[in-house]
Amino acid sequence: GTSSTGTSSTGTTSTGTSGTTSTGTTSTGTSSTGASSMGTTSTPASSTTGVIPPTVLGRLYLLGGTNSTGCTTVSRYLDDISLVYTTIAPLPVALRGGAGLVYNGSVYYLGGSKAGDLATMSGAQSTVYRYTGTSWATSTALQSQRFDFGAALATVGSTTYAFAVGGVLSGAVTDKIAQMSMPNTGNVNSVYATLQQARYGHATGVIDNTIYVCGGAKAATLSGGPLASCESFNAVTKVTATLTFASGSLVARAYPASVVADGVMYVIGGCNGTTATMMTAISTVQYLDPVGPRIVTIASLTTARYGAVALVTGTGDILVFGGQAGSPTAGVHITTVERFRGNVWTVVSGLSAGSASNGVTSMVAVATYATFTTGSTGTSGTTSTGTTSTGTTSTGTTSTGTTSTGTTSTGTTSTGTTSTGTTATTSTGTSGTTSTGTSTGSTGTTR
């Protein structure tokens with residue numbers, strides 16, 4: 001029989017499709033910063049120690065004064081952080097030798113003289129000006145014309161008053177202390193109390209509601225020389241007293257600069273001599289400590305000067321502006337500004353009193369201080385960053401079909417029997433059936 005071989009069928013290999021990689025979008029949140037809210041400025045209450053908080057911002061006002069051309073109306077303030085001047089409205093009249101006060105944030109200029117030098121005992125006025133923030137307004141006048149005096153605020157009961165202490169009153173040196181209501185609504189008492197010694201051109205300051213005066217001159221045109229005494233004045237009891245010091249003594253001087261800081265009163269520079277034409281500027285700096293009381297001498301100015309003014313900055317430094325050296329009629333007006341910091345005096349670079357070529361003497365100097373304690377600072381917004389989400393890569397499994405090979409079936413050969421005499425008939429066996437295996441490859445499953 002014919003040999004029939006089945007055909008070999010190999011299944012098709014099917015490879016699954018690779019899964020798609022999905023990458024999440026990165027989302028970054030917006031950074032939101034809270035707005036900073038700055039509090040309303042307020043004047044800090046005076047402390048028992050006289051210490052000004054270091055977070056305080058100061059405006060140091062320098063008003064009027066006299067220079068080589070006579071009295072001036074120029075007014076400005078110094079920002080004690082940037083050390084930059086801002087010019088404000090000029091005084092209505094060119095003046096020197098007045099006194100300054102700050103009450104409820106308003107700046108006052110009291111009295112003063114129109115005379116261009118410190119040796120002239122005339123030209124006084126009684127006018128009081130109040131700075132409104134844009135201009136000067138005339139306020140209630142002093143009881144009498146007055147200049148080269150001291151002024152201070154003190155509380156009697158629950159009421160704050162301004163006190164004008166000594167000075168040149170209607171052309172003569174006075175020992176009178178006058179009382180004025182605040183906010184300058186009228187004069188209360190022109191002879192509220194009396195100093196132990198008539199004096200003008202002296203240092204004045206208030207510590208714990210007690211007013212102190214030091215030095216000055218006792219007679220017109222410095223006749224007889226300057227004073228070395230100090231007095232205290234209790235505004236409540238109306239008592240004045242000459243101080244006896246447990247240690248130290250005041251160097252006699254007229255026209256010193258003065259300022260209260262850290263509970264003591266600094267007496268800075270000044271002049272001595274027996275007449276106005278023989279004034280000699282000094283550089284000595286001392287302070288009066290009411291505890292004791294005592295006088296303490298500290299480092300001297302780099303330049304001797306009289307008729308200068310001093311103020312405390314919000315950071316606690318003392319600045320001394322201008323002044324004069326030599327006689328009041330022919331002396332040199334000093335342009336430099338000195339700073340006291342770390343027990344050392346240094347000249348402040350780039351800062352002048354007056355102009356770079358013409359200093360100023362006998363200005364009125366007051367300061368306003370403001371803190372930022374009442375405001376709140378906005379909270380910074382939180383930065384939100386989106387999470388990055390990365391898709392998982394899914395790869396299909398490759399499924400390969402099984403190869404099925406057909407079985408070969410061979411037919412059996414059958415041979416006929418030979419019969420003698422008779423022609424044998426040949427019978428051919430039926431050819432075996434070839435069976436071809438069907439091969440169907442299985443298809444891989446795609447994930």
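**View 1. Lining of the largest cavity in this predicted model.** Leu110, Leu142, Gln143, Ala162, Phe163, Ala164, Ala178, Gln179 and Met180 line the largest cavity. Two elements, β15 (159-165) and β18 (176-181), each give two or more residues to this lining. By type, the lining residues divide into seven nonpolar, two polar and no charged. The space inside comes to about 40 Å³. The structure holds one cavity of 30 Å³ or more.

**View 2. The salt bridge between glutamate 231 and arginine 199.** The two side chains meet at 2.9 Å, N to O. Glutamate 231 sits in strand β22 (residues 230-234), and arginine 199 in the loop between β19 (186-194) and β20 (203-207). The pair links distant parts of the chain, 32 residues apart. Glutamate 231 is buried, with a relative accessible area of 1%. Arginine 199 is buried too, at 0%.

**View 3. A salt-bridge network of Asp317, Arg339 and Arg341.** Arginine 339 and aspartate 317 meet through their side chains at 3.6 Å, N to O. Arginine 339 lies in strand β34 (residues 336-341) and aspartate 317 in the loop between β30 (309-312) and β31 (318-321), so the pair ties together parts 22 residues apart in sequence. Both arginine 339 and aspartate 317 are buried.

**View 4. The salt bridge between lysine 176 and aspartate 175.** Their side chains come to 2.8 Å, N to O. Lysine 176 is partly exposed, with a relative accessible area of 28%. A search of the whole structure finds seven salt bridges.

**View 5. The strands of the chain.** The secondary structure comes to 39 strands and zero helices. Of the 447 residues, 45% are buried.

Methods: Residues numbered from 1 in each chain as written. Predicted model: local features only at pLDDT ≥ 70, side-chain atom pairs only at ≥ 80, totals over all residues. Heavy atoms only, no water. 1 Å grid on protein atoms, 1.4 Å probe; cavity = no way out; pocket = protein on both sides within 12 Å on 5 of 7 lines; lining within 4 Å. Points joined across faces, edges and corners; volume = space filled by probe spheres on them. Helix = DSSP H or I, 4+ residues; strand = E, 2+ residues; numbered from the N terminus. Nonpolar A, V, L, I, M, F, W, Y, C, P; charged D, E, K, R; others polar. Buried < 20%, exposed > 50% of the residue type's maximum accessible area, 1.4 Å probe, protein only. Salt bridge = Lys/Arg side-chain N within 4 Å of Asp/Glu carboxyl O.
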